[in-house]
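The following note sets out several points for a colleague who has the model at hand. Each point may be checked against the coordinates.

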Amino acid sequence: MSRQIRRLSFVFGLLLIALLVNATLIQVINARDYRDRPGNQRILLAEYDRERGPILVASDPVARSVETGNTLTYMREYNNGPLYAPVTGFYSLVYGATGLERTENRILNGKADIFTVDRIQQLVSGRQPVGGAVTTTIDAAAQRAAFKGLKGKRGAVVAIEPATGRILASVQMPSFDPNRLSSHNPADIREYYAELEADPQKPLLNRPVVSLNPPGSTFKVVTAAAALASGRFTADSILPGPKAYQLPNSTKKLRNWNGRECGPGGKVTLEQALAISCNTAFAWLGNELGASAIRTQADAFGFDHSFEIPLRAATSLFPADPDAPQTALSAIGQFDVRATALQMAMVAAAIGNSGRTMNPYLVQEIRGPDLSILQTTEPTQYADAMKPSDSLSLTDMMVNVVQNGTGSNAQISGIRVAGKTGTAQTGNDSPSVAWFISFAPAAAPKVAVAVVIEESGAPEVSGNGLAAPIAKAVMEAVLRQ
Amino acid sequence: MPSTHPATRVPGEFAVIKKRRNTELALLIFAWLLGVLGTLQVGWATGEGTPPRLWITAGAVAAVALVMHTVVRIRAPYADPIMLPVGTLLTILGLIMIYRLDVADARRAQLNKSPIPTPDVYSQLTWFAIAGILFCAVFILLRDHRRLQRYTFTFGLIGLILMVLPLAPIIGTTVNGATLWVRFGGFQFQPAEIAKILITIFFAGYLVKTRDSLALVRTKVLGVGLPRPKDLGPIVVAWFISLGVLIFQRDLGTSLLFFGLFVSMLYIATQRRSWLIIGFVLFVGGAYFAYSNFAHVEARVTVWLDPWTYSDTTGYQIVQSLYGLANGGILGAGLGQGFPNLVPFASTDFIVSALGEELGITGVFAILMLYALLIERGFRVAITCRDGFGQLLAAGLSITLALQVFVIIGGVTGLIPLTGLTTPFLSYGGSSLIANWVIVALLLRISDRSRRPDTSQISPDDAMTQVVSRV
């Protein structure tokens, strides 16, 4: 029997090794991964003991730590919480952190490697470590204008500086108050969180970067860009624009929103088709170009790629393998085409930036606890989306949309504004989504904007009626400075 | 493997075996000192200051340990000198962590402005004293472990009754979904903890008598000798009882422990690997049956495979446990400086996560090594024991400890699905602490007999083959 006991003890020895290896995996190999998980409150609890660095808009702190005199020494305070919530996120005892509070955590808590020198000094001097500051790219005036414009609606606004990719505004409605999620009272936090979770309007969703909607007619600028890139079409090319377009291999017909022909005799130029948002002409164009040409164009603007700004943005999608009728619908931003507000702002920005798509970013500078600049983000290019000459041509076409077409509400006196309206059905019976994308001044844009309003419940004019005035206000806010 | 087989030692051969009782005492003092330091560290690190009753509690622990040591010194002078200090150190580590969690609970209550809960550490200390008394009782009432063999079936019957007791009306109680508690008045008890000892005694007594017939081989299939169908009876009964525990008491841990113990002991007794294979096949079949028919088993497996998806619901405990362990890292947050109270049931099922957070992987390895040492000493007792019953009993008790440690620590670290078992010596809870101290007492009792210079008249060969049982 002794031999069997020895053998069994050998088996238990193996089980012991399994426990040791598993513990090593958790506590050493994967430990950092687990510590950084969003739901992990431990690190947060430890960090309530020390001063966390602020998140700045220009030089104003929109999130900062204030002393409380309680067991938890510091509390997070957000000035204008709902306004900046899509940027800052929250920093909660119960639910972990989101937004920049999460992605820039190691800067804000002073644990990032760039603080090593400070940390050694702190160790020697015995001072508590203090976190660094994060300066955002946000422009307070643009952010406020967008927030004001969205009031009472459901949607999102993103504004980008075309030449750099700096995100000037990222706004959502409805929003939430991060102060109430970052308090020291777990019961209150839970109650408020449950309320937000239960809200059918989903205020916790970071709409500007993660909410995907069909871009509708705003996507026609992508199709137009693909048409110019093909070399077969110019702004003056004549396209068929009948009342209804017979979808290939299908019994269905696609109609124009007003049920009329796009031009005399059902003929229309590409420029005019964009100006009046002619569905039949663009559906025809989509099939002429083919799905892969449109997808190549869309991808160069940033579709089918997930950007980290550093918040992780949802991937905007162009359908993988559409058949002919689906291609026609995709060319007008319907079917399975989905885009975030960030993505459509990037499309506008790239057109205004001589066809260069820039990587969007939200963090301008990282500063030390003494506010000295430790690191500045340099703009980087993502792709060459268009030839400069094509981009000029498309810009003129978009200026025409605002001056003579469907985007009249975005006109700013004395400034050439390029824009495009859009309305999309999110499903057969679901309410429509209104879009407006634009940039200004058209020749050398300082700002590109995308506005999306969900459940607008209005017809095509809503892009102009609901979304364009907000885009106009945001552009004005930036240009006024 | 050493060539000298202890069981075949020549009778009358004179081996110098040191008693090493002073070693035991020195190790106990070391364990006690660690306890005092640990408690002080908790007090200072949490800002409570020196715990007001430190010297009373430290004195009580010292008194219990000293009494146990003295009884061993007098009644079992040749007993293994390592097991008592290891058990004591583990109990002390448990006490420190329970005190530390008391502090955290009081803190939280203060913050929420709710009444401060009764500290657990004093009741655990009381349980340790009671465990100490029962530990001593084993040595005083039982001079020779072989006497237990006389009551093989009595123990088996009582063990079985204890196991089903929680299902009885009025006294049976369901806590956290598992029906394994019995309540008399204000007093709660987990009878399965005591039952596992009685059943181990029963298995040892039963198997030592029937192992010859169970070892008979009928046919060979793929080179493995299979037993006669009629000998399959006992293992099938054990299998059904395990499934019964699982289904009616919803206690996955005890069910696993019970079946694993029986199969291992069957293997030792019959020396036939076929029983391991049959046991494994039955285990897989039972596990699959349980998985596909019982929602609570399926839920455990689902969470085990992907705890992160369920981190807010059914996976909350395990995810919090992983967070705690990860927070501990290599050296730990330091006693009193982590957040072990964020893990539900930190003082019972998840006490290893709590210790792992504050003592790091260094502490987890140390604790696992303490268990390994204890279990290895147990197996050593089994191997050196001169009678078949004692061998099987010592092996069985060690396996009970080993399976428990593996199942619970493997569970809270996500290596295997989580099952509700207590962590021997560390977990808060009287039944478990008492039962594990009785296991140590029995192992020491057997070890005293086997390490004592051989002056008995019975030759070891007789002891190996004679049937002592009278039922």
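**Notes on the predicted model**

1. The model is a predicted one.

2. The contact between the chains draws 42 residues from chain B and 29 residues from chain A. On the side of chain B that touches chain A, at least two residues each come from helix H8 (252-270), helix H11 (316-328), helix H12 (351-384) and helix H13 (388-412). H12(B) provides the largest share of that side, 12 residues. By class, the side of chain B that touches chain A comprises 28 nonpolar, 13 polar and one charged residues.

3. In chain A, strand S14 (residues 363-367) is mostly covered, with four of its five residues buried. S14(A) pairs with strand S6 (residues 133-136) of chain A in the antiparallel sense over four bridges; here A:Thr135 stands opposite A:Glu365.

4. S14(A) also runs antiparallel to strand S15 (residues 373-376) of chain A, to which three bridges join it. A:Arg367 stands opposite A:Ile373 in S15(A). The two strands, S14(A) and S15(A), form a hairpin with five residues between them, and A:Leu371 in the turn has a positive phi of about 70°.

Technical notes
Residues numbered from 1 in each chain as written. Chains lettered and ligands numbered in written order. Predicted model: local features only at pLDDT ≥ 70, side-chain atom pairs only at ≥ 80, totals over all residues. Contact = placed C-beta atoms within 7 Å. Nonpolar A, V, L, I, M, F, W, Y, C, P; charged D, E, K, R; others polar. Buried ≥ 20, exposed ≤ 12 C-beta atoms within 10 Å, placed from the backbone. Pairing = 2+ DSSP bridges.
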